[in-house]
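Q: I would like to learn how to read a model like this one, feature by feature. Where should we start?

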Amino acid sequence: MKIALIGAGPRNLMALERLLAWYPRVQVSNLEIHLFDPFGIGGRVWQSDQPHELLMNSLAAKITLFTDHTIEMEGPVNPGPTLLEWAQRSGITFIQAGHYEKANYLVKEIGHLTSESYSSRALFGVYQDWFYQQLVQKAPEMVHIELHKTAVKTVKGLTHHAYELRFDDSAETFDGVSMALGEGMSEPSSTEKELTHFANEHHLIYLRTGYPSEQAYDSIPAQSSVLLRGLGLNFMDAMIMLTTHRGGKFHRQKDDTLVYEPSGKEPKIYAGSGRGFPYHARGFDQKAVGETRPLYFLSNQLVAHMIENQEQMSGQEFLNDIYSDAACTYYTKLVAQKYTGISAHEFEQAFQNDPLSKEVLDDYGIAEEDRLDWEALAHPDAFAKTYADFQKVLLQYLDHDITEAKWGNKTSPFASAMDTLRELRTNIRKVVTYKLISDEDYAKYILGGFNSFNSFLAVGPPILRLEQLLALIKAGVIEILGSQLQLETSGNEFVAYSKRYPEHKVAVKSVIEARLAPVDIRISRNELIQNLLETGMARPYELHFQNGSTKQLGAMDVTTETAEMIDSDGDPVPNVYIWGLSTEGRHWLTNGSPIPSVNDVRLRMADMIANQILTYTD
Ligand SMILES: Cc1cc2nc3c(=O)[nH]c(=O)nc-3n(C[C@H](O)[C@H](O)[C@H](O)COP(=O)(O)OP(=O)(O)OC[C@H]3O[C@@H](n4cnc5c(N)ncnc54)[C@H](O)[C@@H]3O)c2cc1C
């Protein structure tokens with residue numbers, strides 16, 4: 001039997017491990033597993049030679065590729081070390097025995113790595129290399145594993161489930177295929193084309209959206225002016241690449257704040273976004289591996305019951321449940337900290353009975369200024385009338401956010417509540433995957449607002465990045481322009497300003513789109529994806545509304561339970577699976593790597609896909 005794994009990032013590496021785990025249980029004698037990826041093992045995001053300053057936004061202690069006993073799966077559990085455990089046990093020996101361009105940085109990083117560290121992306125790449133190598137070493141004799149550093153251009157169905165994969169100058173036939181193709185690049189939008197053209201005409205620089213490790217940050221001249229569009233994770237990468245990567249240094253003061261010492265090679269950085277504020281920092285993680293808080297509203301029981309009974313809830317109820325769970329965490333922590341005269345248990349009971357009204361908060365005397373105000377969180381600049389006001393609010397926002405985050409995700413009411421949002425992800429994913437809300441409500445509430453708000457609140461960078469941003473603002477290296485960022489062209493320059501403060505315009509010589517474009521298979525530059533759509537082997541997923549209209553999303557259509565690709569006739573393609581970012585929209589928040597001991601969805605899917613591929617029958 002021959003299996004193709006297209007893409008050698010974390011997902012298909014997990015699939016490889018699961019294929020080997022299932023192999024002794026199935027009636028397959030000779031097994032060939034071929035991985036395809038022009039970027040090699042670990043794939044495009046996790047290249048081990050990328051700039052070392054580019055960090056993960058997950059703790060090294062909470063990243064794994066191994067299964068554990070919490071995973072609801074049929075295959076055998078093969079436990080193994082997390083990224084942190086591997087690094088501390090055998091990382092240095094492995095790196096020194098290999099040929100890593102940045103071995104010195106990697107070894108030095110491991111020397112400082114603790115359970116509180118965010119690993120570099122490069123180090124996660126090395127962990128994936130090690131993971132792969134130990135699988136190859138331990139594989140039974142009858143299993144052949146081979147990596148091909150090449151892109152797959154087409155997949156063509158031959159007989160019922162035999163597929164021909166074409167590469168640049170050859171082709172091969174396989175019995176089953178798993179595709180995990182990652183973010184990839186899209187065709188430039190019309191705006192991106194216009195801005196590129198303008199930059200070329202006027203000797204300016206315009207860098208469209210892209211992978212941070214591949215962006216030409218070096219092309220931005222020292223002391224020139226640059227606009228970063230976006231204030232999320234990609235912005236933080238650009239910020240670091242234009243400052244410390246150019247020799248600037250941060251010094252920690254006695255009061256625990258950072259001060260920036262410039263190298264003189266930095267440009268002046270302007271930045272802004274739709275919301276105008278950087279993503280909230282991740283709270284200092286006080287939770288042990290596998291530790292979570294119970295969910296009371298969008299609970300595991302509720303979601304399981306709804307799936308079993310094919311029930312739906314309204315989009316508003318769904319959001320209410322999400323916000324009630326986060327608020328329950330918030331107020332429980334708040335009462336325990338600040339309202340010590342109240343019985344925390346009694347308060348929690350009362351709150352859970354009536355999470356949405358103000359009555360409980362009034363009854364227990366929770367002060368107005370202590371209340372969780374989602375509207376204010378969504379628009380932190382609501383009362384900043386002038387540009388000067390906005391700058392003050394921004395500094396307060398950063399100060400406050402850093403303080404709360406440092407306090408920790410079991411102590412700070414705010415950081416704990418945002419952690420609950422993260423812990424709700426499994427159940428939110430199930431609601432989207434199993435369509436527990438109508439397509440109308442999904443489009444209106446989730447695509448139309450919650451996704452962006454959730455990213456702002458709960459997909460943020462490590463605290464250190466916000467501390468660095470604050471120091472860079474104070475050093476005059478970065479200026480944040482505000483919300484509703486506008487970019488225009490005028491004469492020989494780009495001009496940027498916030499629509500809220502149109503009197504404050506800045507002219508810049510360079511613009512960097514500091515964000516990843518949303519995945520949209522319809523405009524993907526991936527030849528394989530285009531081929532699958534053109535030949536009808538795949539189709540974009542559609543929402544169906546009650547008035548008969550439809551809305552196409554940029555996600556591949558796949559079967560709900562089995563991750564099989566769905567063709568243009570609506571039929572599953574036998575033994576061909578596609579998972580991960582190409583399905584974003586059909587599934588929810590597919591852009592992450594596995595977390596140990598929390599019944600991780602990615603590990604569950606890896607097990608299911610491996611089982612299905614090996615045991616497929618007509
Ligand atoms: C800049 C950046 C930073 C991130 N940081 C984090 C983080 O800190 N923590 C976290 O959990 N997640 C992070 N992510 C999310 C990331 O997508 C996932 O963690 C994870 O890499 C997804 O795994 P995957 O295997 O599905 O896809 P990927 O890791 O993206 O791998 C997909 C691979 O498929 C290959 N491929 C595509 N088409 C073809 C083809 N036609 N033929 C052959 N190969 C092909 C690509 O080259 C690529 O290497 C980050 C993503 C990006 C882009």
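A: Start at the ligand. A residue counts as near it if one of its heavy atoms lies within 4 Å. By that rule 33 residues surround the ligand, and the closest are R11, D37, N57, N526 and S593. One caution comes with this: the model is predicted, so local features need pLDDT of at least 70, side-chain atom pairs count only at pLDDT 80 or more, and totals for chains, interfaces and linings use all residues. Residues are numbered from 1 along each chain as its sequence is written, and side-chain values use heavy atoms, with hydrogens and water left out.

Q: How much of the ligand does the protein cover?

A: On its own the ligand has 970 Å² of accessible area, and the protein covers 93% of that. Helix 1 (10-22) and strand 3 (55-59) are the elements that give two or more residues to the shell. Strand 3 gives the most, with 3 residues. Helices (H or I, at least four residues) and strands (E, at least two) are DSSP runs, numbered from the N terminus.

Q: How do I check the length of a helix?

A: The expected span is 1.5 Å times one less than the number of residues. Take helix 12 (residues 387-407). Its 21 residues should span 30 Å, and its end C-alpha atoms are 30 Å apart, which agrees.

Q: Which residues of helix 12 are buried?

A: Here is the general idea. An α-helix has 3.6 residues a turn, so residues three or four places apart point the same way. Buried means under 20% relative accessible area, exposed over 50%, and partly exposed in between (1.4 Å probe, protein chains only). In helix 12 the buried residues are Y387, F390, Q391, L394, Y397, L398, D401, I402, E404 and A405. Seen down the helix axis, they fall within an arc of 165°, so they line one face of helix 12. The arc is taken from the directions from the helix axis to the C-beta atoms. On the other side, A388, K392, Q396 and T403 are exposed.

Q: What do the buried residues of helix 12 pack against?

A: Contact means heavy atoms within 4.5 Å. The partners are helix 13 (413-423), helix 15 (439-458), helix 16 (463-474) and strand 15 (478-482). Just after helix 12, G408 takes a positive phi of about 110°.

Q: Can we repeat the exercise on another helix?

A: Take helix 3 (residues 103-112). Its buried residues are A103, L106, E109 and I110. They cover an arc of only 130° around the axis, which puts them on the same side of helix 3. N104, Y105, K108, G111 and H112 are exposed on the other side. The cover over the buried residues includes helix 2 (83-97), strand 4 (118-120) and helix 4 (121-138).

Q: What lies in the loop between helix 3 and strand 4?

A: S117 lies there. At 13% relative accessibility, S117 counts as buried. A polar atom of the S117 side chain lies 2.7 Å from the backbone nitrogen of T114. Beyond its neighbours within four places in sequence, S117 is in contact with L59, A60 and H112.

Q: How should I read a positive phi?

A: Most residues other than glycine have a negative phi. N575 is not a glycine, yet has a positive phi of about 60°. N575 is found in strand 23 (residues 572-578) and is buried, at 0% relative accessibility. S597 has a positive phi near 65°. S597 sits in the loop between strand 23 and helix 18 (601-615), and is partly exposed at 27% relative accessible area.

Notes:
Areas by Shrake-Rupley, 256 points an atom, 1.4 Å probe, with all protein chains shown as cover. Polar contact = N/O pair within 3.5 Å; in protein donor to acceptor, adjacent residues only side chain to side chain.
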